[in-house]
Amino acid sequence: MTEDDNLPSLKDFEKRLEATRKRTAPPDPHEGSAGRGISGGLAQAMRVGMEMLAALLVGLALGWFLDEWLGTRPWLMLVCLLFGMTAGILNAYRVSRRLMQDPAAFDHPDEKN
Amino acid sequence: MTVAHAAGSPLEQFKITRLVEMEVGGLDVSFTNSAVWMVVVIVAISVSLLFAMRKGSMVPGRGQSVAELSYEFVANMVRDNVGSAGRAYFPFIFSLFMFILFANILGLIPYAFTVTSHIIVTFAMAITVFLGVTVIGLIKHRMRFFTLFLPKGIPMVIAPFLVIIELFSYLARPITLSLRLFANMMAGHTLLKVFGGFVVALGFLGIGPFVFIIALYGLELMVAFLQAYVFAILTCLYLNDALHLHH
């Protein structure tokens, strides 16, 4: 499909098709609805919570292995746990900001820029 | 107690059983029920796609429409999230998406084994994506890849802390990626089995939980698709980060 890009008529066709689609397409009734409601809200909350937990686990594991390796138990684990928590909060903040900007972001978690 | 036994433990469905015992260099590489279902998934994908596309007619029939739709769906996802640079990685993402989708959906068949309900399987896929994306980023940008961890316009005083925090948040990616898919599949299947146990235990009154299970099956079908989609789209986003170096 994309190999035919050098054909001007096809390129034009795609543009016209896109324009017609935009003009005539009715608003998708399902768009964004999956992210709403109780189960959708729960899924979002779980996603944010998981973000926090995952970074914390990474901090814990990394600190543990560094301690084992350098023999500095328990100090590096504590420091890494702190950084892990911070990273978790940062991740949770990023996800929730994305969800707030666009409630449908649960379905389309893309952040184009 | 006896009734609970009759219905089986809700966690029994996740049990791995060795079907063909094998050992290579002290490593247990037995052919398990999990492996059987992975093979089933791959055969199902290959057969359904090849069968649907056998004619390759200009005006697609039902099967061909489904095959083309799934192709277009992933192709659009890659194009929207990664851009034209992502075209080279389309086969990988398509395979990943189809594998997870089929594993999730085939796992919903009663007595089937859900491959993606094991953390080690999802983690293996997530770590492959993570390492692959990191290596791609390193090859494309060499040392400039590490600017991914340093947001622009940060005072030098707090920069070291931020780099560490960004590094941790980067390292958390495979964990969240695998945990999300695993937790969703495991929770859904456990819930189905628990309510299945209720149906058996309640006898005639079991019609209540039975109706609930039907609704839950619909939800699980959606979750099966949604999780495959989320896994694929997050792979696209990570790939985009590595190729274009921006947050």
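Areas here are Shrake-Rupley values with a 1.4 Å probe, and for residues only the protein chains shown count as cover.

Some bookkeeping. This is a predicted model, where local features need pLDDT of at least 70 and side-chain atom pairs count only at pLDDT 80 or more, while totals for chains, interfaces and linings use all residues. Residues are numbered from 1 along each chain as its sequence is written, chains are lettered from A and ligands numbered from 1 in the order in which they are written, and side-chain values use heavy atoms, with hydrogens and water left out.

Chain A, then. It has three helices and zero strands, in the order α-α-α along the sequence. Helices (H or I, at least four residues) and strands (E, at least two) are DSSP runs, numbered from the N terminus. Of the 113 residues in chain A, 26% are buried; buried means under 20% relative accessible area, exposed over 50%, and partly exposed in between, with a 1.4 Å probe and protein chains only. Among contacts in chain A with a separation of 6 or more, 55% are between residues 24 or more positions apart. A contact is a pair of heavy atoms within 4.5 Å.

Next, charge pairs. How many salt bridges does the structure hold over all chains? There are five, a salt bridge being a side-chain nitrogen of Lys or Arg within 4 Å of a carboxyl oxygen of Asp or Glu. I will go through some of them.

B:Arg180 and A:Glu51 form a salt bridge at 3.3 Å, N to O. B:Arg180 sits in helix H7 (residues 173-202) of chain B and A:Glu51 in helix H2 (residues 37-70) of chain A, so this pair joins two chains. B:Arg180 is buried at 6% relative accessible area, and A:Glu51 is buried at 9%.

A:Arg94 pairs with B:Glu166, with the closest N and O atoms 2.7 Å apart. This pair also joins two chains, because A:Arg94 is in helix H3 (residues 75-101) of chain A and B:Glu166 in helix H6 (residues 159-171) of chain B. Here A:Arg94 is partly exposed at 23%, whereas B:Glu166 is buried at 3%.

B:Asp241 and B:Arg173 meet in a salt bridge at 2.6 Å, N to O. B:Asp241 is in helix H8 and B:Arg173 in helix H7 of chain B, 68 residues apart, so the pair links distant parts of the chain. Both residues are buried.

Helix H8 of chain B, residues 207-244, also holds B:Thr235. B:Thr235 is buried, at 2% relative accessible area. Leaving out residues up to four places away in sequence, B:Thr235 touches B:Phe92, B:Ile93, B:Leu96 and B:Val129.

On cysteines: the structure holds zero disulfides over all chains, a disulfide being a pair of cysteine sulfur atoms within 2.5 Å. A:Cys80 is buried at 7%, and B:Cys236 is buried at 0%.

Last, the surface of chain B. A nonpolar patch there, including B:Leu19, B:Met22, B:Phe31 and B:Phe51, has about 980 Å² of accessible area together. Patches take residues with over 30% relative accessible area and no salt bridge, joining like charges within 9 Å and nonpolar side chains (Val, Leu, Ile, Met, Phe, Trp, Tyr) within 5 Å. Which element gives the most to the nonpolar patch? H2(B) does, with four residues. B:Val47 is found in helix H2 of chain B, and B:Val47 is partly exposed at 48%.
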